[in-house]
Amino acid sequence: MVLEIIQGPSDVKKLAKEQRLTLANEIRSALLKKLSKQGGHFGPNFGFVEATIALHYVFDSPKDKIVFDVSHQCYPHKMLTGRKDAFLYEAHYHDVSGYTNPLESEHDHFTVGHTSTSISLACGLAKARDVKQGEGNVIAIIGDGSLSGGEALEGLNVAAELNSNIIIVVNDNDMSIAENHGGMYRNLKRLRDTNGSASCNLFKAMGLDYVFVDDGNDVEKLITVFQQVKDTNKPIVVHIVTEKGKGYQPAIENKEPWHYCAPFDIKTGASIIKTNIESYNDLTGKFLLEKMKQDTSIVAITAGTPTVMGFVEKLRNEAGNQFVDVGIAEETAVAMASGIAKNGGKPVFGVYSTFIQRSYDQISHDVCINQSAVTIPVFAGSIYGMRDVTHLGIYDIAMLSNIPNLVYLAPVSKEEYLAMLDWSIEQTQYPVAIRVPGGKMISTGKQVTKDFSQLNTYEIVEKGSKVAILGLGSFYPLAEKVKMMLQETLKIEATLINPQYITGIDEQVLTALKDNHDLVITLEDGILDGGFGEKITRFYGTSEMKVLNYGFKKEFLDRFDLNEVLLANRLKEELIVEDVKAIL
């Protein structure tokens with residue numbers, strides 16, 4: 001096996017032509033086996049195998065610095081830079097992350113999991129090299145889908161003015177996660193159709209030199225071109241056309257679902273994780289589509305992740321022009337939503353919690369200052385969501401709940417979520433975000449009739465005394481467990497409260513608790529610093545009321561063990577009751 005002898009890029013350079021072809025096949029075989037067992041980014045990595053081999057054959061990493069965008073296509077790179085065991089041997093599958101990581105290897109320069117960053121990062125590396133009068137190539141890898149992000153275009157703009165070595169490899173497979181959207185993709189298609197000779201050329205218009213490779217899955221063609229551009233003294237784009245999912249027919253035929261895969265059967269491509277559990281993603285898509293049919297002013301917006309709101313291809317087609325994919329451009333999605341709202345439309349922008357930070361300015365400036373009635377369902381905002389350090393969903397409470405004018409809601413159940421979503425779409429007074437619950441969906445079957453325009457009115461679910469427990473959103477079930485254990489172990493009948501509102505406090509309810517309560521407990525599925533609990537503590541600051549805040553320490557967690565994190569933050573009912581006993 002050729003792959004087994006690869007200890008680093010220097011070994012790649014020793015390979016003959018036939019060995020390089022063998023290596024490509026072995027990389028795909030290793031990827032297929034590993035991803036079938038534990039899942040991961042499938043299509044992007046299968047399409048970038050030959051390009052990775054060619055890059056390491058020609059360039060001299062880490063002196064020549066290769067910067068990956070998003071890192072969705074970095075698995076072959078990891079195999080060729082000393083980490084092949086993590087792909088060849090099941091016992092080592094968890095030795096590496098799914099993204100580039102400088103803690104793993106000197107060949108990785110950034111921890112990257114968000115899109116459109118590679119060109120800007122590479123510009124920084126190149127500028128530092130130049131001012132220090134250093135040497136070496138700087139290579140930015142970016143997919144065509146990532147080019148729709150504003151930062152990518154900003155990076156191209158800056159790169160053109162560096163007047164020194166920076167090589168931008170545009171990996172064009174005519175796909176983002178789903179299909180591409182936007183005017184620039186017409187130009188990319190024209191370039192593909194004319195073998196790069198079209199007079200209209202986005203990259204040349206930016207002032208960049210340009211080379212086109214019609215088959216980016218041909219190792220030898222790529223080697224020739226990379227050798228030509230190596231050590232260039234000016235910025236250049238190498239535009240390569242690849243096939244997403246190359247080497248595995250199910251991934252070629254169904255590119256969107258194979259962007260990222262769960263464990264699957266290699267022979268059939270069918271997922272081996274069987275579940276009929278209803279998801280909030282699918283629930284949202286079906287709910288919105290029904291409302292769209294009744295109201296043509298409703299517009300669903302996504303920034304390159306349509307299935308976050310359950311809009312698979314079938315639903316997108318049914319929604320027609322009431323569904324907008326702006327590409328991987330969260331800033332534009334939010335500002336566009338504000339514009340729709342201001343002109344009488346009803347925009348709903350569905351987004352993962354981790355990507356909210358990419359549009360923070362637009363939420364604050366374009367939406368909230370302007371009091372635009374935009375609805376933002378926030379998905380995977382939970383410790384139960386994604387676990388890579390680049391995709392954590394535990395910071396959105398602190399980020400969003402402190403923006404003036406915004407109403408941030410935390411439903412507990414399916415029924416509460418749909419009621420909040422429906423209210424938000426129909427009201428015209430407030431910008432509203434809804435923190436879609438994490439963990440297992442709860443359905444009570446009870447109709448929710450609350451008027452959510454009566455802001456910051458908490459729901460007292462069960463009245464008690466001595467101790468009050470405020471369980472926010474997906475941590476409400478933990479509040480129920482704490483209440484039960486307090487009754488069983490300390491004979492305390494605690495008051496149980498579902499706050500529902502993250503952005504404000506119910507002064508009437510909190511004041512009333514002073515009469516017959518000594519302790520208030522807050523539970524939130526996010527970091528404590530700047531979070532919900534701190535608002536409650538501040539309210540009681542000058543009183544004799546004691547307050548215990550439970551949530552997460554402010555830190556960057558990576559590929560964590562959920563139970564360990566919950567224990568470390570004392571987010572277990574027995575530990576909370578232990579704390580209560582010590583205080584009382």
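# A tour of rings, charges and a pocket

Select T305: setting aside neighbours within four places in sequence, this residue is in contact with I177, Y352 and F355. Keep in mind that you are looking at a predicted model. T305 belongs to the loop between β8 (298-302) and α14 (313-319). Is T305 buried or exposed? Its relative accessible area is 11%, so T305 counts as buried, the cut-off being under 20%.

**Next stop: aromatic rings**

The whole structure holds 21 aromatic pairs. Select W258 and F264 to see one of them: the ring centres are 4.8 Å apart and the planes meet at 85°, so this pair is edge-to-face. Colour both residues by accessibility if you like. W258 is buried at 8% relative accessibility, and F264 is buried too, at 4%.

Move on to Y395 and F556. How far apart are the centres of these two rings? The distance is 6.1 Å, and because the planes lie at 75°, the pair is edge-to-face. Follow the chain between them and you will find that this pair links distant parts of it, 161 residues apart. Y395 sits in the loop between β12 (375-379) and α18 (396-400), while F556 sits in the loop between β19 (546-552) and α23 (562-568).

**Charges over rings**

Select R20 and Y57 together. The charged end of R20 sits over the ring of Y57, and the distance to the ring centre is 4.4 Å. Then try K34 with F87: here the charged end of K34 is placed over the ring of F87, 4.1 Å from its centre.

To find it, select S413, E416, T444, K446 and N498, which are the closest to its centre among the 17 residues that line it. Show the secondary structure as well: β15 (459-462) and α20 (476-490) each give at least two residues to the lining of this pocket. What classes of residue make up that lining? Six are nonpolar, six are polar and five are charged.

Note on methods:
Residues numbered from 1 in each chain as written. Predicted model: local features only at pLDDT ≥ 70, side-chain atom pairs only at ≥ 80, totals over all residues. Heavy atoms only, no water. 1 Å grid on protein atoms, 1.4 Å probe; cavity = no way out; pocket = protein on both sides within 12 Å on 5 of 7 lines; lining within 4 Å. Helix = DSSP H or I, 4+ residues; strand = E, 2+ residues; numbered from the N terminus. Nonpolar A, V, L, I, M, F, W, Y, C, P; charged D, E, K, R; others polar. Phe/Tyr/Trp six-rings, centres within 6.5 Å; stacked < 30°, edge-to-face > 60°. Buried < 20%, exposed > 50% of the residue type's maximum accessible area, 1.4 Å probe, protein only. Lys NZ or Arg CZ within 6 Å of the ring centre and 35° of its normal. Contact = heavy atoms within 4.5 Å.
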